[in-house]
Amino acid sequence: MKINKEWHLAHPMPPHANLDQRIAWHIEHQKHCSCRKISGKLKEEMIKRNTKIK
Ligand SMILES: [Zn+2]
């Protein structure tokens, strides 16, 4: 697992991110970094929305 530190510094998760924001963040995140996996409710929600996840 590799952390893209520069991307994280430039794209912090909003402090009170709602579900839409979290999904949007993870979509961008997975393009640039693989430090965090999408799991649990967030994953379910993304599948429901037909979001492409790795
Ligand atoms: Zn990351």
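Contact, in what follows, means heavy atoms within 4.5 Å. With that in place, take glutamate 45: leaving aside neighbours within four places in sequence, glutamate 45 is in contact with Leu19 and Ile23.

Before going on, the ground rules. This is a predicted model, in which local features need pLDDT of at least 70 and side-chain atom pairs count only at pLDDT 80 or more, while totals for chains, interfaces and linings use all residues. Residues are numbered from 1 along each chain as its sequence is written, and side-chain values use heavy atoms, with hydrogens and water left out.

Two more terms. Helices are DSSP runs of H or I with at least four residues, numbered from the N terminus. Buried means under 20% relative accessible area, exposed means over 50%, and partly exposed is in between, with a 1.4 Å probe and protein chains only.

Back to glutamate 45, which lies in helix 3. Is glutamate 45 buried or exposed? At 19% relative accessibility, glutamate 45 counts as buried.

The buried residues of helix 3 are Leu42, Glu45 and Met46. Seen down the axis of helix 3, these buried residues fall within an arc of 100°, so they line one face of the helix. The arc is taken over the directions from the helix axis to the C-beta atoms. On the other side of helix 3, Lys41, Glu44, Ile47 and Lys48 are exposed. What covers the buried residues of helix 3 includes helix 2.

Leucine 42 is on the list of buried residues in helix 3, with a relative accessible area of 6%. Which residues does leucine 42 touch, not counting those up to four places away in sequence? They are Leu19, Arg22, Ile23 and His26. Leucine 42 and leucine 19 are 23 residues apart in sequence, and their C-alpha atoms are 7.7 Å apart in space.

Lysine 43, also found in helix 3, is partly exposed, with a relative accessible area of 36%. Not counting residues up to four places away in sequence, lysine 43 touches Ile38 and Ile53.

Just after helix 3 comes asparagine 50, which takes a positive phi of about 55° although it is not a glycine. Most residues other than glycine have a negative phi. Asparagine 50 is exposed, with a relative accessible area of 70%.

Next, helix 2. Helix 2 covers residues 19–32, which is 14 residues, and reaches 20 Å from its first C-alpha to its last, close to the 20 Å expected at 1.5 Å a residue. The expected span is 1.5 Å times one less than the number of residues. At the start of helix 2, a side-chain oxygen of asparagine 18 reaches to within 3.1 Å of the backbone nitrogen of aspartate 20. That pair is judged as a polar contact: N or O atoms within 3.5 Å, where within protein one must be able to donate a hydrogen and the other to accept it, and residues adjacent in sequence count only if both atoms are side-chain atoms.

Which residues of helix 2 are buried? They are Ile23, Trp25, His26, His29 and Gln30. Seen down the axis of helix 2, its buried residues fall within an arc of 160°, so they line one face of the helix. They pack against helix 1 (5–10) and helix 3 (40–48).

From the helix 1 side, tryptophan 7 lies in helix 1 and counts as buried at 6% relative accessibility. Tryptophan 7 touches Trp25, Glu28, His29 and His32, not counting residues up to four places away in sequence. The C-alpha atoms of tryptophan 7 and histidine 32, 25 residues apart along the chain, are separated by 7.1 Å.

Last, the metal. What coordinates the zinc ion? The donors are His8 (NE2), His29 (NE2), Cys33 (SG) and Cys35 (SG), at 1.9 to 2.3 Å. Donors here are N, O and S atoms within 2.8 Å of the metal (3.2 Å for Na, K and Ca), and water is not among the atoms, so sites may look incomplete. In sequence, the donor residues are spaced H-x20-H-x3-C-x1-C. The angles among the four donor atoms are 106 to 113°, and the site is tetrahedral. Four donors count as tetrahedral if all angles lie between 85 and 135 degrees. The ideal angle for four tetrahedral donors is 109.5 degrees. Of the cysteines, cysteine 33 is buried at 7% relative accessible area, and cysteine 35 is partly exposed at 22%.

Terms used. Helix = DSSP H or I, 4+ residues; strand = E, 2+ residues; numbered from the N terminus. Tetrahedral: all angles 85-135°; square planar, octahedral: opposite > 155°, others 65-115°.
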